[in-house]
Amino acid sequence: MDILSIIQQLGSGMITSIEIFFLTLVFALPLGLLIAFGRMSKIKIVQWIFKAYISIMRGTPLMLQLLVVYFGPYYLFEIKIAKWYRMVAVIIGFVLNYAAYFAEIYRAGIEAIPKGQYEAAKMLGYTKTQTFFKIIFPQVVKRILPPVTNETITLVKDTSLAFVIAVTEMFTLAKQIAANEASMVPFVAAGIFYYVFNLLVALVMEKFEKKLDYYR
Amino acid sequence: MNLLEMNHVSKTFDGLEVLKDISIQVKEGEVVSIIGPSGSGKSTILRCATMLETIDSGELTYLGRKAAWNEGGKAVYAAHNELKEIHRYYGLVFQNFNLFPHFNVLKNIIDAPVSVLKVPKEQAITEARELLKKLGLGDKEDYYPHQLSGGQQQRVSIARALALKPKILFFDEPTSALDPELTTEVLKVIKELAKEHMTMIIVTHEMQFAKEVSERIIFMENGYIQEEGTPEDIFNSENTRVKEFIGKLESR
């Protein structure tokens, strides 16, 4: 069995992996910002809730979280689990988990902006919303790109965890083929897939970083 | 009517009284310098006057409009909208410039007029260019702050404050982050503004400059105004602390 036909067989799984990747980013990046706001809230109880949320999301395995999201509705409310819910559960699980990590990255970025920027904005009469979106957030984005790249690369590799609730992403297929053919080649192909995917991620993020290089 | 009035202002930070019964009146067109050792409360006066800090008690008034006043021994502030309007009377130039690093020079200057005061963009640009030219930065509008020297950055920040056409401009040690050469170019700009009768309150360690530019000098120590008068009064003061302080700085 040659590598090309293996890649062909892995194709549908790759699409699933890519789907998980993009959907997670699209929802987790904005959700992370909201969670960061909650975590930095002046209201103690709100702050505490989000702190606990982040702590649980970071402190337990993503695999376990996926299982909870998938089986939770059945065990808690005896809702029959529909087939379409598999992929939805994967996305919900990934988004909830990654948003927690992104929230902490945002928080670090926001807290690193000098107080003088807020004071200057206040002196010039900007509203709080204007201050955040015009002055603070663009500078935060520049600062957090390296850790966000890290997290994004981890996400590419984490997509393989979707197997735990039987969503056949790429790595699930690779294992099946490897078992059927008694061959290591599918694993090599899988490795190449992840590596190339991450190379692209790194390249794109580097482009973003370069684009924001015009100021310091 | 006084442009700025601070009456019996007190301010405490964590149990430490940094301003004690401070009263300052400034008329339109006046230039007032505040001098004194570090930690004497000079900068805190500006931060209270510009409402970056709240006062504990006393009164803060701009052109007769009360921003804060005493009620039951404690300062209370005017409603949000009133404060917003009073806010437009003044601007502040910071020691560390605090320019927005992701905006170029022109955008640093026009963004607030356009997005806060809703000045038409074309008009804001024309006015900003005039300001830049006046401050000797005519060729720098496309530069980003990190590409400029400290002196240039401070002049941009002065332009940014002036673009909102404040009635009074506060300077918080505007040259403390600059070397002597760059200090001169910034002081020159402030002197120009003084000639045009811009109302200014300047916290500074530059004694010679304070002497030249101000109509009035306030000497502060330990949260009190120790002495207040014309530059002649202050520089010929009999007060030993004033003498010591000025002597030390002048003999540097």
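Predicted model: local features only at pLDDT ≥ 70, side-chain atom pairs only at ≥ 80, totals over all residues.
Figure 1. Of the contacts in chain A between residues at least 6 apart in sequence, 76% join residues at least 24 apart. Chain A has 8 helices and 0 strands, and its pattern along the sequence reads α-α-α-α-α-α-α-α. Taken along the principal axes, the box filled by the C-alpha atoms of chain A is roughly 70 × 50 × 25 Å. Chain A holds 216 residues, and buried residues make up 30% of them.

**Figure 2. Packing of helices α7 and α8 of chain A****.** Helix α7 of chain A covers residues 170-181, and helix α8 of chain A covers residues 185-211. The two pack at an angle of about 160°, and their axes are 8 Å apart. Angles over 145 degrees count as roughly antiparallel, and α7(A) and α8(A) are therefore roughly antiparallel to each other. The crossing in which α7(A) passes α8(A) is right-handed.

**Figure 3. Residues in the contact of α7(A) with α8(A)****.** On the side of α7(A), the contact is made by A:Met170, A:Phe171, A:Ala174, A:Ile177 and A:Ala178. On the side of α8(A), A:Pro186, A:Phe187, A:Ala189, A:Ala190 and A:Phe193 take part. The residues of this contact divide into 10 nonpolar, no polar and no charged.

**Figure 4. The contact between chain A and chain B****.** Chain B gives 18 residues to the contact, and chain A gives 16 residues. In chain B, β7 (90-93) and α3 (105-115) each supply at least two residues of the side that touches chain A. The residues on that side of chain B comprise 9 nonpolar, 8 polar and 1 charged.

**Figure 5. The largest nonpolar core, with B:Ile201 among its members****.** In soluble globular proteins, nonpolar side chains tend to be buried together. The largest nonpolar core of this model has 79 residues. Those that touch the most other members are B:Ala159, B:Ala163, B:Phe170 and B:Ile201. Not counting residues up to four places away in sequence, B:Ile201 touches B:Val26, B:Val32, B:Ile34, B:Leu46, B:Ile168 and B:Phe170.

Key:
Residues numbered from 1 in each chain as written. Chains lettered and ligands numbered in written order. Axes fitted to C-alpha atoms, helices over the stretch in contact; angles between N-to-C directions. Helix = DSSP H or I, 4+ residues; strand = E, 2+ residues; numbered from the N terminus. Parallel < 35°, antiparallel > 145°, perpendicular 65-115°, else oblique. Left-handed = near helix turned anticlockwise from the far one by under 90°. Contact = placed C-beta atoms within 7 Å. Nonpolar A, V, L, I, M, F, W, Y, C, P; charged D, E, K, R; others polar. Core = buried A, V, L, I, M, F, W, Y, C linked by C-beta atoms within 7 Å. Buried ≥ 20, exposed ≤ 12 C-beta atoms within 10 Å, placed from the backbone.
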